[in-house]
Amino acid sequence: MNLCWPALGVVDTVPVDESAQGDGIGRRRARLGWVLALVGLAALTGLLQAAEPGGAATALEAMLYLSLAVAVALVGGRAPALFAAVAGALLLNYFFIPPRRTLDVASGNDLLTLLVFAITAVSVAAVVDAAARRREQARLAEQEAATLAMLNRHVLGGEYDVQQLLALARETFGAGSAELVTEQPTAAPGSAVLAAGAGGWLVLEDAELGPRELAIAAAFASHVGVLREREELARQSLAARQLEAGNRTRTALLAAVSHDLRTPLAGLRSAAETLRLHDSRLGDAERQELLVAMESSIARLTAMVSDLLDMSRLQTGAVLPIAVDVPLGEVVRRAIAGLEESERVVVAELPTAYVDAGLLERVVANLVANALRHSDVVRIEGSTQGPRVELRVVDRGVGVEPADRARIFEPFQRQGDSGTGVGLGLAVARGLTEAQGGTLEAESTPGGGLTMVLELPGAGG
(Lines give C-alpha, C1' and ligand atoms only; values in the text may rest on other atoms or scores of the structure.)
Protein backbone atom coordinates (compact mmCIF):
# COMPACT_ATOMS: atom_id res chain seq x y z
CA MET A 1 0.00 0.00 0.00
CA ASN A 2 1.24 3.52 -0.81
CA LEU A 3 0.64 6.53 1.40
CA CYS A 4 0.25 9.76 -0.56
CA TRP A 5 0.13 13.29 0.83
CA PRO A 6 -0.59 15.54 -2.16
CA ALA A 7 -2.64 17.96 -0.10
CA LEU A 8 0.24 18.49 2.30
CA GLY A 9 2.74 19.23 -0.43
CA VAL A 10 4.66 15.92 -0.12
CA VAL A 11 5.66 14.78 -3.57
CA ASP A 12 7.03 11.31 -2.86
CA THR A 13 5.05 8.29 -1.80
CA VAL A 14 6.03 5.95 1.01
CA PRO A 15 5.90 2.31 -0.09
CA VAL A 16 4.84 -0.07 2.64
CA ASP A 17 4.66 -3.76 1.74
CA GLU A 18 3.62 -6.07 4.57
CA SER A 19 4.65 -9.12 2.56
CA ALA A 20 8.18 -7.86 2.02
CA GLN A 21 11.14 -10.03 2.95
CA GLY A 22 12.14 -7.65 5.71
CA ASP A 23 11.96 -4.06 6.72
CA GLY A 24 12.98 -1.81 3.88
CA ILE A 25 13.19 -4.41 0.98
CA GLY A 26 10.02 -5.04 -0.94
CA ARG A 27 8.95 -7.84 -3.24
CA ARG A 28 9.97 -6.05 -6.41
CA ARG A 29 13.55 -5.48 -5.25
CA ALA A 30 13.78 -9.05 -3.93
CA ARG A 31 12.71 -10.39 -7.32
CA LEU A 32 15.29 -8.21 -9.05
CA GLY A 33 17.94 -9.56 -6.64
CA TRP A 34 17.11 -13.16 -7.46
CA VAL A 35 17.17 -12.43 -11.19
CA LEU A 36 20.53 -10.68 -10.86
CA ALA A 37 21.92 -13.57 -8.82
CA LEU A 38 20.86 -16.26 -11.31
CA VAL A 39 21.66 -14.37 -14.49
CA GLY A 40 24.83 -12.81 -13.07
CA LEU A 41 26.28 -16.13 -11.86
CA ALA A 42 25.59 -17.79 -15.21
CA ALA A 43 26.94 -14.87 -17.22
CA LEU A 44 30.05 -14.42 -15.06
CA THR A 45 30.87 -18.13 -15.12
CA GLY A 46 30.44 -18.24 -18.89
CA LEU A 47 32.67 -15.22 -19.44
CA LEU A 48 35.41 -16.56 -17.16
CA GLN A 49 35.25 -19.95 -18.90
CA ALA A 50 35.53 -18.29 -22.28
CA ALA A 51 38.45 -16.13 -21.17
CA GLU A 52 40.44 -18.96 -19.50
CA PRO A 53 39.04 -22.31 -20.61
CA GLY A 54 41.62 -24.39 -18.77
CA GLY A 55 43.12 -21.95 -16.30
CA ALA A 56 43.21 -22.40 -12.56
CA ALA A 57 41.42 -20.13 -10.18
CA THR A 58 43.05 -16.81 -9.40
CA ALA A 59 42.26 -13.98 -7.04
CA LEU A 60 40.52 -12.20 -9.94
CA GLU A 61 37.82 -14.88 -10.28
CA ALA A 62 37.22 -14.85 -6.51
CA MET A 63 36.93 -11.06 -6.44
CA LEU A 64 34.49 -11.05 -9.36
CA TYR A 65 32.19 -13.55 -7.64
CA LEU A 66 32.48 -11.55 -4.42
CA SER A 67 31.58 -8.34 -6.27
CA LEU A 68 28.52 -10.04 -7.75
CA ALA A 69 27.38 -11.11 -4.26
CA VAL A 70 27.76 -7.53 -3.04
CA ALA A 71 25.77 -6.19 -6.02
CA VAL A 72 23.00 -8.71 -5.37
CA ALA A 73 22.90 -7.64 -1.69
CA LEU A 74 22.50 -4.01 -2.69
CA VAL A 75 19.68 -4.76 -5.09
CA GLY A 76 17.73 -7.63 -3.53
CA GLY A 77 18.67 -7.94 0.11
CA ARG A 78 19.93 -10.73 2.28
CA ALA A 79 18.37 -13.93 0.82
CA PRO A 80 19.48 -13.57 -2.83
CA ALA A 81 22.87 -12.24 -1.67
CA LEU A 82 23.51 -15.31 0.51
CA PHE A 83 22.48 -17.49 -2.41
CA ALA A 84 24.87 -15.62 -4.72
CA ALA A 85 27.71 -16.00 -2.17
CA VAL A 86 27.22 -19.75 -1.64
CA ALA A 87 26.56 -20.46 -5.32
CA GLY A 88 29.60 -18.38 -6.29
CA ALA A 89 31.80 -20.42 -3.96
CA LEU A 90 30.48 -23.67 -5.43
CA LEU A 91 30.94 -22.45 -9.03
CA LEU A 92 34.42 -21.19 -8.23
CA ASN A 93 35.29 -24.64 -6.79
CA TYR A 94 33.65 -26.60 -9.57
CA PHE A 95 35.01 -24.74 -12.57
CA PHE A 96 38.26 -23.12 -11.44
CA ILE A 97 39.82 -25.07 -8.51
CA PRO A 98 41.60 -28.36 -9.31
CA PRO A 99 40.38 -30.98 -9.75
CA ARG A 100 38.04 -29.20 -12.16
CA ARG A 101 34.47 -30.34 -12.90
CA THR A 102 34.13 -31.71 -9.39
CA LEU A 103 33.50 -30.32 -5.92
CA ASP A 104 36.59 -32.06 -4.55
CA VAL A 105 39.53 -29.87 -3.52
CA ALA A 106 43.03 -31.14 -4.29
CA SER A 107 45.08 -29.12 -1.82
CA GLY A 108 44.56 -27.72 1.66
CA ASN A 109 45.58 -24.28 0.43
CA ASP A 110 42.80 -24.29 -2.19
CA LEU A 111 40.33 -25.48 0.45
CA LEU A 112 41.35 -22.66 2.78
CA THR A 113 41.01 -20.17 -0.06
CA LEU A 114 37.53 -21.44 -0.87
CA LEU A 115 36.42 -21.25 2.77
CA VAL A 116 37.78 -17.74 3.19
CA PHE A 117 36.02 -16.69 0.01
CA ALA A 118 32.68 -18.20 1.15
CA ILE A 119 32.90 -16.62 4.62
CA THR A 120 33.94 -13.26 3.17
CA ALA A 121 31.19 -13.29 0.56
CA VAL A 122 28.50 -14.20 3.07
CA SER A 123 29.75 -11.62 5.59
CA VAL A 124 30.03 -8.83 3.04
CA ALA A 125 26.58 -9.66 1.62
CA ALA A 126 25.06 -9.56 5.11
CA VAL A 127 26.75 -6.25 5.97
CA VAL A 128 25.78 -4.64 2.68
CA ASP A 129 22.21 -5.90 3.06
CA ALA A 130 22.00 -4.52 6.62
CA ALA A 131 23.33 -1.15 5.46
CA ALA A 132 20.83 -1.06 2.60
CA ARG A 133 17.98 -1.86 4.98
CA ARG A 134 19.04 0.84 7.42
CA ARG A 135 19.31 3.33 4.58
CA GLU A 136 15.83 2.42 3.36
CA GLN A 137 14.43 2.64 6.88
CA ALA A 138 16.09 6.03 7.33
CA ARG A 139 14.56 7.23 4.06
CA LEU A 140 11.11 6.07 5.12
CA ALA A 141 11.55 7.60 8.57
CA GLU A 142 12.65 10.89 6.99
CA GLN A 143 9.59 10.93 4.74
CA GLU A 144 7.31 10.14 7.66
CA ALA A 145 8.93 12.86 9.78
CA ALA A 146 8.57 15.37 6.95
CA THR A 147 4.93 14.40 6.54
CA LEU A 148 4.19 14.73 10.25
CA ALA A 149 5.99 18.07 10.39
CA MET A 150 3.95 19.29 7.41
CA LEU A 151 0.79 18.02 9.09
CA ASN A 152 1.70 19.90 12.26
CA ARG A 153 2.30 23.14 10.37
CA HIS A 154 -0.99 22.96 8.50
CA VAL A 155 -3.11 21.87 11.44
CA LEU A 156 -1.56 24.07 14.12
CA GLY A 157 -1.50 26.95 11.65
CA GLY A 158 -5.29 26.75 11.43
CA GLU A 159 -5.46 25.72 7.76
CA TYR A 160 -7.61 22.64 8.44
CA ASP A 161 -10.76 21.99 10.41
CA VAL A 162 -11.95 18.57 11.58
CA GLN A 163 -13.88 17.74 8.41
CA GLN A 164 -11.00 18.73 6.13
CA LEU A 165 -8.56 16.63 8.14
CA LEU A 166 -10.92 13.64 8.05
CA ALA A 167 -11.14 13.99 4.26
CA LEU A 168 -7.33 14.14 4.09
CA ALA A 169 -7.05 10.99 6.24
CA ARG A 170 -9.49 9.17 3.97
CA GLU A 171 -7.47 10.17 0.89
CA THR A 172 -4.11 9.40 2.49
CA PHE A 173 -4.93 5.86 3.62
CA GLY A 174 -7.27 5.00 0.75
CA ALA A 175 -10.08 4.36 3.23
CA GLY A 176 -13.72 4.04 2.28
CA SER A 177 -14.62 6.54 4.97
CA ALA A 178 -13.05 8.42 7.86
CA GLU A 179 -15.16 9.72 10.72
CA LEU A 180 -14.79 10.99 14.26
CA VAL A 181 -17.03 9.32 16.85
CA THR A 182 -17.49 10.01 20.55
CA GLU A 183 -18.32 6.43 21.59
CA GLN A 184 -15.62 3.79 21.20
CA PRO A 185 -16.68 1.42 18.41
CA THR A 186 -15.70 -2.20 17.90
CA ALA A 187 -12.99 -2.53 15.26
CA ALA A 188 -14.44 -4.50 12.34
CA PRO A 189 -12.25 -6.51 9.94
CA GLY A 190 -10.66 -4.22 7.39
CA SER A 191 -11.08 -1.10 9.55
CA ALA A 192 -8.94 0.77 12.05
CA VAL A 193 -10.01 2.52 15.27
CA LEU A 194 -7.57 4.99 16.83
CA ALA A 195 -7.91 7.22 19.90
CA ALA A 196 -8.41 10.88 18.98
CA GLY A 197 -8.05 12.82 22.19
CA ALA A 198 -10.32 12.65 25.21
CA GLY A 199 -13.60 10.94 24.36
CA GLY A 200 -12.99 10.70 20.61
CA TRP A 201 -12.01 7.98 18.16
CA LEU A 202 -10.95 8.11 14.52
CA VAL A 203 -12.55 5.29 12.51
CA LEU A 204 -11.08 4.38 9.10
CA GLU A 205 -13.34 1.98 7.21
CA ASP A 206 -12.04 -0.35 4.47
CA ALA A 207 -8.39 0.41 5.30
CA GLU A 208 -5.77 -2.29 5.80
CA LEU A 209 -2.96 -0.61 7.74
CA GLY A 210 0.52 -1.95 8.40
CA PRO A 211 2.76 -0.89 11.29
CA ARG A 212 4.11 2.21 9.53
CA GLU A 213 0.67 3.27 8.36
CA LEU A 214 -0.75 2.80 11.86
CA ALA A 215 1.93 5.13 13.25
CA ILE A 216 0.95 7.86 10.76
CA ALA A 217 -2.76 7.17 11.29
CA ALA A 218 -2.22 7.60 15.05
CA ALA A 219 -0.71 11.03 14.33
CA PHE A 220 -3.74 11.92 12.21
CA ALA A 221 -6.02 10.78 15.03
CA SER A 222 -4.10 12.87 17.55
CA HIS A 223 -4.40 15.97 15.36
CA VAL A 224 -8.11 15.32 14.76
CA GLY A 225 -8.51 15.21 18.54
CA VAL A 226 -6.61 18.48 18.93
CA LEU A 227 -8.76 20.18 16.29
CA ARG A 228 -11.93 18.81 17.86
CA GLU A 229 -10.93 20.19 21.26
CA ARG A 230 -9.90 23.51 19.67
CA GLU A 231 -13.23 23.86 17.87
CA GLU A 232 -15.10 22.97 21.05
CA LEU A 233 -13.15 25.60 22.99
CA ALA A 234 -13.89 28.13 20.23
CA ARG A 235 -17.61 27.32 20.44
CA GLN A 236 -17.56 27.66 24.21
CA SER A 237 -15.66 30.93 23.96
CA LEU A 238 -18.13 32.29 21.40
CA ALA A 239 -21.06 31.19 23.56
CA ALA A 240 -19.46 32.88 26.59
CA ARG A 241 -18.91 36.10 24.63
CA GLN A 242 -22.48 36.03 23.35
CA LEU A 243 -23.78 35.41 26.86
CA GLU A 244 -21.66 38.25 28.19
CA ALA A 245 -22.86 40.56 25.43
CA GLY A 246 -26.45 39.54 26.14
CA ASN A 247 -25.98 40.24 29.82
CA ARG A 248 -24.53 43.66 29.05
CA THR A 249 -27.41 44.38 26.70
CA ARG A 250 -30.01 43.32 29.24
CA THR A 251 -28.32 45.38 31.97
CA ALA A 252 -28.16 48.44 29.72
CA LEU A 253 -31.74 47.88 28.61
CA LEU A 254 -33.02 47.72 32.16
CA ALA A 255 -31.08 50.84 33.08
CA ALA A 256 -32.30 52.69 29.98
CA VAL A 257 -35.90 51.61 30.36
CA SER A 258 -36.00 52.41 34.07
CA HIS A 259 -34.58 55.87 33.43
CA ASP A 260 -35.69 57.01 30.00
CA LEU A 261 -39.19 55.52 29.83
CA ARG A 262 -40.03 56.86 33.27
CA THR A 263 -39.99 60.51 32.15
CA PRO A 264 -42.59 60.32 29.34
CA LEU A 265 -44.71 57.91 31.38
CA ALA A 266 -44.65 60.31 34.32
CA GLY A 267 -45.64 63.17 32.00
CA LEU A 268 -48.52 61.15 30.58
CA ARG A 269 -49.75 60.17 34.02
CA SER A 270 -49.53 63.71 35.35
CA ALA A 271 -51.38 65.20 32.37
CA ALA A 272 -54.05 62.49 32.47
CA GLU A 273 -54.64 62.94 36.22
CA THR A 274 -54.86 66.72 35.83
CA LEU A 275 -57.47 66.39 33.11
CA ARG A 276 -59.42 63.83 35.10
CA LEU A 277 -59.39 65.67 38.44
CA HIS A 278 -59.44 69.32 37.38
CA ASP A 279 -61.05 69.32 33.95
CA SER A 280 -63.89 71.55 35.04
CA ARG A 281 -61.51 74.21 36.33
CA LEU A 282 -59.20 74.23 33.29
CA GLY A 283 -59.45 76.74 30.52
CA ASP A 284 -59.20 75.81 26.84
CA ALA A 285 -55.56 76.95 26.62
CA GLU A 286 -54.55 74.88 29.65
CA ARG A 287 -56.41 71.85 28.35
CA GLN A 288 -54.74 72.18 24.95
CA GLU A 289 -51.32 72.48 26.60
CA LEU A 290 -51.88 69.24 28.52
CA LEU A 291 -52.99 67.43 25.36
CA VAL A 292 -49.88 68.61 23.50
CA ALA A 293 -47.71 67.37 26.38
CA MET A 294 -49.45 63.99 26.23
CA GLU A 295 -48.91 63.76 22.48
CA SER A 296 -45.22 64.61 22.92
CA SER A 297 -44.81 61.94 25.60
CA ILE A 298 -46.61 59.38 23.44
CA ALA A 299 -44.36 60.24 20.48
CA ARG A 300 -41.25 59.79 22.65
CA LEU A 301 -42.53 56.44 23.94
CA THR A 302 -43.36 55.32 20.39
CA ALA A 303 -39.85 56.18 19.18
CA MET A 304 -38.24 54.34 22.10
CA VAL A 305 -40.35 51.22 21.64
CA SER A 306 -39.72 51.26 17.88
CA ASP A 307 -35.97 51.42 18.47
CA LEU A 308 -36.16 48.56 20.96
CA LEU A 309 -38.18 46.43 18.54
CA ASP A 310 -35.84 47.21 15.65
CA MET A 311 -32.79 46.31 17.71
CA SER A 312 -34.44 43.04 18.75
CA ARG A 313 -35.17 42.20 15.10
CA LEU A 314 -31.60 42.98 14.12
CA GLN A 315 -30.10 40.82 16.88
CA THR A 316 -32.30 37.85 15.95
CA GLY A 317 -31.70 38.20 12.19
CA ALA A 318 -35.37 38.83 11.52
CA VAL A 319 -34.76 41.80 9.20
CA LEU A 320 -35.38 40.70 5.60
CA PRO A 321 -35.05 43.69 3.22
CA ILE A 322 -36.96 43.83 -0.06
CA ALA A 323 -34.79 46.04 -2.26
CA VAL A 324 -35.97 47.92 -5.35
CA ASP A 325 -34.80 51.03 -7.18
CA VAL A 326 -36.04 53.95 -5.05
CA PRO A 327 -35.54 57.72 -5.53
CA LEU A 328 -33.81 58.80 -2.31
CA GLY A 329 -35.59 62.16 -2.39
CA GLU A 330 -38.96 60.48 -1.80
CA VAL A 331 -37.58 58.39 1.07
CA VAL A 332 -36.06 61.43 2.76
CA ARG A 333 -39.23 63.53 2.44
CA ARG A 334 -41.33 60.78 4.07
CA ALA A 335 -38.70 60.27 6.79
CA ILE A 336 -38.58 63.91 7.90
CA ALA A 337 -42.31 64.56 7.53
CA GLY A 338 -43.06 63.12 10.97
CA LEU A 339 -40.18 64.85 12.76
CA GLU A 340 -40.54 67.94 14.91
CA GLU A 341 -38.95 71.07 13.45
CA SER A 342 -38.45 69.38 10.07
CA GLU A 343 -38.37 72.86 8.54
CA ARG A 344 -34.74 73.08 9.75
CA VAL A 345 -33.78 70.28 7.32
CA VAL A 346 -32.43 71.27 3.88
CA VAL A 347 -32.59 68.53 1.23
CA ALA A 348 -30.41 68.72 -1.89
CA GLU A 349 -30.96 66.78 -5.11
CA LEU A 350 -30.54 63.06 -4.41
CA PRO A 351 -29.84 60.03 -6.67
CA THR A 352 -31.67 56.70 -6.91
CA ALA A 353 -30.57 53.68 -4.84
CA TYR A 354 -31.35 49.97 -4.71
CA VAL A 355 -32.76 49.70 -1.17
CA ASP A 356 -35.73 48.75 0.97
CA ALA A 357 -37.63 52.05 1.15
CA GLY A 358 -39.26 51.33 4.52
CA LEU A 359 -36.01 50.36 6.24
CA LEU A 360 -34.10 53.29 4.74
CA GLU A 361 -36.85 55.70 5.83
CA ARG A 362 -36.32 54.45 9.40
CA VAL A 363 -32.55 54.98 9.07
CA VAL A 364 -32.91 58.53 7.74
CA ALA A 365 -35.45 59.44 10.43
CA ASN A 366 -33.07 58.30 13.18
CA LEU A 367 -30.08 60.12 11.67
CA VAL A 368 -31.96 63.38 11.08
CA ALA A 369 -33.58 63.29 14.53
CA ASN A 370 -30.17 62.84 16.09
CA ALA A 371 -28.69 65.67 14.01
CA LEU A 372 -31.54 68.07 14.87
CA ARG A 373 -30.75 67.66 18.58
CA HIS A 374 -27.25 69.07 18.03
CA SER A 375 -27.57 71.53 15.14
CA ASP A 376 -29.79 74.44 14.13
CA VAL A 377 -29.71 73.40 10.48
CA VAL A 378 -29.31 69.90 9.00
CA ARG A 379 -28.43 69.39 5.33
CA ILE A 380 -28.98 66.14 3.39
CA GLU A 381 -26.80 65.64 0.31
CA GLY A 382 -26.31 62.79 -2.15
CA SER A 383 -23.89 61.69 -4.86
CA THR A 384 -23.10 58.74 -7.09
CA GLN A 385 -19.79 56.91 -6.58
CA GLY A 386 -19.54 54.32 -9.38
CA PRO A 387 -21.94 51.44 -8.62
CA ARG A 388 -22.66 52.91 -5.15
CA VAL A 389 -24.41 56.05 -3.95
CA GLU A 390 -23.72 58.20 -0.91
CA LEU A 391 -26.30 59.91 1.28
CA ARG A 392 -24.84 62.44 3.73
CA VAL A 393 -26.62 63.89 6.77
CA VAL A 394 -24.63 66.98 7.71
CA ASP A 395 -24.98 68.92 10.97
CA ARG A 396 -23.09 71.91 12.43
CA GLY A 397 -23.13 70.78 16.04
CA VAL A 398 -20.28 70.16 18.44
CA GLY A 399 -19.16 67.04 16.56
CA VAL A 400 -17.61 63.86 17.99
CA GLU A 401 -13.96 63.13 18.68
CA PRO A 402 -12.48 60.53 16.27
CA ALA A 403 -11.72 58.17 19.17
CA ASP A 404 -15.41 58.18 20.19
CA ARG A 405 -16.99 57.69 16.76
CA ALA A 406 -17.11 53.89 16.91
CA ARG A 407 -18.72 54.00 20.35
CA ILE A 408 -21.67 56.13 19.29
CA PHE A 409 -22.95 53.26 17.11
CA GLU A 410 -23.07 50.87 20.07
CA PRO A 411 -26.45 50.15 21.67
CA PHE A 412 -27.51 52.36 24.59
CA GLN A 413 -24.94 55.06 23.84
CA ARG A 414 -25.87 58.71 23.62
CA GLN A 415 -23.65 61.54 22.54
CA GLY A 416 -22.24 63.11 25.68
CA ASP A 417 -24.41 60.68 27.72
CA SER A 418 -27.22 63.20 27.57
CA GLY A 419 -30.38 63.75 25.62
CA THR A 420 -33.57 61.74 25.28
CA GLY A 421 -34.28 58.19 24.18
CA VAL A 422 -32.61 54.91 25.12
CA GLY A 423 -29.54 55.44 22.96
CA LEU A 424 -30.45 52.98 20.20
CA GLY A 425 -31.03 55.34 17.28
CA LEU A 426 -27.58 55.15 15.68
CA ALA A 427 -27.15 51.44 16.49
CA VAL A 428 -30.46 50.69 14.77
CA ALA A 429 -29.57 52.95 11.83
CA ARG A 430 -26.27 51.12 11.23
CA GLY A 431 -27.89 47.69 11.60
CA LEU A 432 -30.69 48.46 9.15
CA THR A 433 -28.19 49.98 6.71
CA GLU A 434 -25.93 46.91 6.79
CA ALA A 435 -28.97 44.65 6.33
CA GLN A 436 -29.46 46.35 2.95
CA GLY A 437 -25.83 45.89 1.88
CA GLY A 438 -24.76 49.39 2.86
CA THR A 439 -22.45 51.02 5.38
CA LEU A 440 -22.87 53.86 7.86
CA GLU A 441 -19.88 55.85 9.13
CA ALA A 442 -19.34 59.14 10.95
CA GLU A 443 -17.05 61.88 9.63
CA SER A 444 -16.16 65.39 10.74
CA THR A 445 -18.03 68.19 9.00
CA PRO A 446 -15.60 70.75 7.55
CA GLY A 447 -15.87 73.82 9.76
CA GLY A 448 -17.30 71.87 12.70
CA GLY A 449 -20.03 69.33 13.28
CA LEU A 450 -20.70 65.69 12.36
CA THR A 451 -21.59 64.11 9.03
CA MET A 452 -23.24 60.69 8.83
CA VAL A 453 -22.25 59.00 5.57
CA LEU A 454 -24.56 56.32 4.18
CA GLU A 455 -23.09 54.25 1.34
CA LEU A 456 -25.75 52.22 -0.48
CA PRO A 457 -26.05 50.06 -3.61
CA GLY A 458 -26.79 52.15 -6.67
CA ALA A 459 -29.74 51.77 -9.00
CA GLY A 460 -30.00 48.27 -10.45
CA GLY A 461 -28.30 46.66 -7.44
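Trainee: What makes R269 count as exposed or buried?

Mentor: Keep in mind that this is a predicted model. R269 has a relative accessible area of 59%, and the cut-off for exposed is over 50%, so R269 is exposed.

Trainee: Which residue does the side chain of R269 meet in a salt bridge?

Mentor: E273 is the partner, with 3.1 Å from N to O. A salt bridge needs a nitrogen of Lys or Arg within 4 Å of a carboxyl oxygen of Asp or Glu, so the 3.1 Å of R269 and E273 qualifies. E273 has 32% relative accessibility, so E273 counts as partly exposed.

Trainee: Why are R269 and E273 separated by about one helical turn?

Mentor: Because they are four residues apart in helix 6. E232 and R235 also lie in helix 6 (residues 211-278), three residues apart, and that is again about one turn of the helix. Their side chains meet in a salt bridge at 2.8 Å, N to O.

Trainee: How many salt bridges does a search of the whole structure find?

Mentor: Ten. One of them joins E381 and R379, at 2.9 Å from N to O. E381 has a relative accessible area of 29% and is partly exposed, and R379 is partly exposed at 37%. There is also a network of salt bridges that links E390, R392 and E443.

Trainee: Let's move to helix 2. How do you know that its span agrees with its number of residues?

Mentor: Helix 2 (residues 59-76) has 18 residues, and at 1.5 Å a residue they should span 26 Å. The end C-alpha atoms are 26 Å apart, so the two values agree.

Trainee: Which residues of helix 2 are buried?

Mentor: E61, A62, Y65, L66, L68, A69, V72, A73 and G76. They cover an arc of only 155 degrees around the axis, so they sit on the same side of helix 2. A59 and L60, on the other side, are exposed.

Trainee: What follows helix 2?

Mentor: G77 does, and its phi is positive, near 95 degrees.

Trainee: What is the phi of E341, and what kind of value is it?

Mentor: Phi of E341 is near 60 degrees, a positive value in a residue other than glycine. Most residues other than glycine have a negative phi. E341 is in the loop between helix 8 (328-337) and strand 7 (345-347), and with a relative accessible area of 43% it is partly exposed.

Trainee: Now the rings. How many aromatic pairs does a search of the whole structure find?

Mentor: Two. W34 and F83 form one, with 5.5 Å centre to centre and 50 degrees between the planes. This pair links distant parts of the chain, 49 residues apart: W34 is in helix 1 and F83 in helix 3 (residues 78-96).

Trainee: Why is the pair of W34 and F83 called tilted?

Mentor: Centres within 6.5 Å make a pair, under 30 degrees is stacked and over 60 is edge-to-face. At 5.5 Å and 50 degrees, W34 and F83 are therefore a tilted pair. W34 is partly exposed at 32%, and F83 is partly exposed, also with 32%.

Trainee: What makes the pair of Y94 and F95 edge-to-face?

Mentor: Their ring centres are 5.0 Å apart and their planes are at 80 degrees, so the pair is edge-to-face. Y94 is partly exposed at 31% relative accessibility, whereas F95, at 16%, counts as buried.

Trainee: Which residues form the nonpolar patch on the surface?

Mentor: W34, V35, L38, V39 and F83 form it, with about 440 Å² of accessible area together. Helix 1 (residues 27-51) gives the largest share, four residues. A patch residue needs over 30% relative accessible area, so W34 passes that cut-off with its 32%.

Notes
Residues are numbered from 1 along each chain as its sequence is written. This is a predicted model: local features need pLDDT of at least 70, side-chain atom pairs count only at pLDDT 80 or more; totals for chains, interfaces and linings use all residues. Side-chain values use heavy atoms; hydrogens and water are left out. Helices (H or I, at least four residues) and strands (E, at least two) are DSSP runs, numbered from the N terminus. The expected span of a helix is 1.5 Å times one less than its number of residues. Buried means under 20% relative accessible area, exposed over 50%, partly exposed in between (1.4 Å probe, protein chains only). The arc is that of the directions from the helix axis to the C-beta atoms. Patches are made of residues with over 30% relative accessible area and no salt bridge: like charges are joined within 9 Å, nonpolar side chains (Val, Leu, Ile, Met, Phe, Trp, Tyr) within 5 Å. Accessible areas come from the Shrake-Rupley method with a 1.4 Å probe; for residues, only the protein chains shown count as cover. Rings of Phe, Tyr and Trp (its six-membered ring) pair if their centres lie within 6.5 Å; planes under 30 degrees apart count as stacked, over 60 as edge-to-face and the rest as tilted.
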